[in-house]
Amino acid sequence: MLRVITRTFWKSFPTRGRGCCGFNVDTPVLGLIGTVEATTYSPGWFEQRVGSSALREHLKSLALTDDYQLFGVFDGERR
């Protein structure tokens with residue numbers, strides 16, 4: 001089933017990436033992100049987008065505090 005899902009995803013999105021969102025061998029999580037056009041993010045993008053202190057604290061509890069932690073799990077985009 002995973003093969004069918006990923007093959008369909010790869011055919012549907014010209015720009016795509018994937019990331020390991022859960023580092024647990026018992027319950028692995030694979031995130032698929034696709035866009036029609038290439039997306040770029042400037043340094044500090046995450047910090048600029050997360051202005052709310054409440055949101056920042058919630059993301060901190062998920063170990064998402066900066067660009068590296070957000071984008072570091074992705075293996076890159078393919079075009």
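Guide: What follows goes through the ring pairs and then turns to the confidence of the model. This is a predicted model, in which local features need pLDDT of at least 70 and side-chain atom pairs count only at pLDDT 80 or more, whereas totals for chains, interfaces and linings use all residues. Residues are numbered from 1 along each chain as its sequence is written, and side-chain values use heavy atoms, with hydrogens and water left out. Rings of Phe, Tyr and Trp (its six-membered ring) are paired if their centres lie within 6.5 Å, and the planes make the pair stacked when under 30 degrees apart, edge-to-face when over 60 and tilted for the rest. By this rule there are 3 aromatic pairs. In one of them, F9 and W10 have ring centres 5.3 Å apart and planes at 50°, so this pair is tilted. With buried meaning under 20% relative accessible area, exposed over 50% and partly exposed in between (1.4 Å probe, protein chains only), F9 is buried at 11% relative accessibility, and W10 is buried as well, at 19%. The ring centres of Y41 and W45 lie 4.8 Å apart with their planes at 70°, so that pair is edge-to-face; Y41, at 42% relative accessibility, is partly exposed, and W45, at 27%, is also partly exposed. Ring pairs also join F13 with F9 and W10 in a cluster. As for confidence, pLDDT is the predictor's confidence in each residue, from 0 to 100, and the protein averages 78, with 81% of the residues scoring at least 70.
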